[in-house]
Structures are given as C-alpha cells and as structure tokens.
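Here are some exercises to work through with the sequence and the 3D view side by side. Try each task yourself before you read the solution.

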Amino acid sequence: MLKTLTLLAASFASAFALNSVEININDKDLELGASIDMSQMNDTVEPDTVFLGLKYLHADYSNGDISSSENMDDYFEVSFLIKRDFNSNLEIGLGMKLNATKNFVSIPLGGEARYLLDTQLPMYIGGSFYYAPSVLSMSDAESFLEYRVHFDIEVIENALITMGYRSIDTNYEKPVARDINYNHSFYVGFKFEF
C-alpha cells in the first residue's frame with residue numbers, strides 16, 4: 001500500500017509540477033500530503049493563490065477513540081484552497097475538502113492561516129479549522145470537525161521542518177449515533193515547496 005502511494009505521489013508531482021509535498025509522522029501515524037499551485041496549469045490564475053491538494057493519513061487506533069486496529073480505516077482527502085497575502089508576513093485562505101474513510105464522507109468548509117515570524121531563520125506559525133455539519137455529511141456521517149496548529153522552520157530554501165498537532169473528529173449517525181475522534185496527535189515532518 002505504501003509503495004503504491006509513494007508511486008502515486010511521485011507521478012502526481014512530475015505530471016503537475018507540485019507546489020508542495022509533505023510527510024508527517026509520529027511513532028504510530030503516517031500522513032502524506034501534496035498540493036498543486038493551479039497557476040502552473042492555467043495562465044489566467046494568479047501564482048500562489050489557488051491550490052488543489054491530496055492527503056492520506058494512515059493512523060493508529062491508539063491515537064483516537066476507535067477501539068481496535070480492525071475498525072481503523074485509512075483517511076483520504078481532496079482539497080481546494082484560495083489564499084491571499086494580507087501583508088508581507090500573513091497568509092489567509094478559505095477552502096473546502098472532500099474527505100472519506102470506509103463509511104464516512106463529508107465536505108467540510110474552513111480556513112487556514114500562516115504567519116512568518118521576524119527571525120533570521122524563517123519560521124512560521126499556522127493553523128487550520130474545517131467543519132462539516134450534517135447537511136454536508138454523507139454515508140454514515142453526522143458531522144466532521146478538524147483543527148490543526150503547526151510550527152515550521154525553513155532550514156534550507158523551500159525545505160521546512162514542521163511540527164504540529166492535529167485533531168480529526170468523525171461523528172456518525174448510523175448505525176448508532178456516536179462521536180468519534182479519529183485522530184488526535186502530535187507529529188513532526190518535512191515540507192518541500194516548489
């Protein structure tokens with residue numbers, strides 16, 4: 001499975017000239033992400049403003065409310081984000097996602113922000129918040145809530161070390177209404193921007 005995802009990410013990167021690729025890990029979870037700057041495919045789109053993204057999370061049940069590894073499904077996500085620079089240090093974006101596990105599908109709406117700290121070595125703090133009420137939830141889903149905070153250090157130009165925390169709540173209405181935290185964990189990783 002991991003070989004297939006790595007091959008998919010590599011072909012995706014070469015085909016579309018990715019804006020960024022990211023890998024986040026902790027002792028139990030693996031998260032892979034990729035984002036395309038749409039201006040590289042369409043000359044009418046202003047650079048660094050419109051992004052399409054993919055994300056895959058292979059999480060462990062011990063970092064959430066799921067009772068065993070047999071009940072743990074992988075998480076997939078496709079995203080669309082429009083962002084703008086509000087000054088030289090602050091980026092703010094609005095977006096939507098289509099995310100899914102085996103019996104859960106939702107279309108959360110939300111926002112993201114990133115702030116460049118005035119330091120000699122470029123450092124960023126940022127976060128995101130996405131929510132889908134029941135009207136944007138399908139399959140067995142009742143609602144979805146995700147938030148993240150992260151701290152990034154650009155150690156080499158366009159190569160960042162990232163540290164963060166994520167919380168992903170997948171709330172179900174079927175077969176029995178229940179609130180499940182799919183994953184809540186700290187992570188570290190690399191982010192490469194092109």
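Two strands pair if DSSP finds at least two bridges between them. Strands (E, at least two residues) are DSSP runs, numbered from the N terminus. The model is predicted, so local features need pLDDT of at least 70 and side-chain atom pairs count only at pLDDT 80 or more, while totals for chains, interfaces and linings use all residues. Residues are numbered from 1 along each chain as its sequence is written, and side-chain values use heavy atoms, with hydrogens and water left out.

**Exercise 1. Trace how strand β2 (residues 30–37) pairs with β1 and β3.**

Step 1. Begin with strand β1 (residues 20–25): six bridges join it to β2, and the two run antiparallel. They form a hairpin with four residues between them.

Step 2. Pick out a facing pair. V21 stands opposite A34 in β2.

Step 3. Now turn to strand β3 (residues 50–58), which pairs with β2 in the antiparallel sense over eight bridges. Here A34 stands opposite L54 in β3.

Step 4. Check the surroundings. Buried means under 20% relative accessible area, exposed over 50%, and partly exposed in between (1.4 Å probe, protein chains only). Seven of the eight residues of β2 are buried, so the strand is largely enclosed by the rest of the structure.

**Exercise 2. Find the partners of strand β10 (residues 141–156).**

Step 1. On one side, strand β8 (residues 123–132) pairs with β10 in the antiparallel sense over 10 bridges. I125 stands opposite F151 in β10.

Step 2. Strand β11 (residues 159–172) is joined to β10 by 14 bridges, again antiparallel. The bridge partner of Y147 in β11 is S167.

Step 3. Look at the turn. The hairpin of β10 and β11 has two residues between the strands, and N158 takes a positive phi near 70° there.

**Exercise 3. Which residues of the largest nonpolar core touch the most other members?**

Step 1. Recall the term: a nonpolar core is a set of buried Ala, Val, Leu, Ile, Met, Phe, Trp, Tyr and Cys residues joined through side-chain atoms within 4.5 Å.

Step 2. Of the 13 residues in the largest core, L57, Y75, F144, I168 and Y182 touch the most other members. β10, β11 and β12 (178–193) each supply at least two residues of this core.

Step 3. Zoom in on I168. Contact means heavy atoms within 4.5 Å. Leaving aside neighbours within four places in sequence, the contacts of I168 include L57, Y75, F144 and Y182.

**Exercise 4. Is S128 buried or exposed?**

Step 1. Locate S128 in strand β8.

Step 2. S128 has a relative accessible area of 13%, so this residue is buried.

Step 3. List the contacts: not counting residues up to four places away in sequence, S128 touches G111, E112, E146, Y147 and R148.

**Exercise 5. Describe the surroundings of N103.**

Step 1. N103 lies in the loop between β5 (90–101) and β6 (104–106).

Step 2. Its relative accessibility is 35%, so N103 counts as partly exposed.

Step 3. Apart from neighbours within four places in sequence, N103 is in contact with S139, D140, A141 and Y172.

Step 4. Compare chain and space: N103 and Q120 are 17 residues apart along the chain, and their C-alpha atoms are separated by 47 Å.
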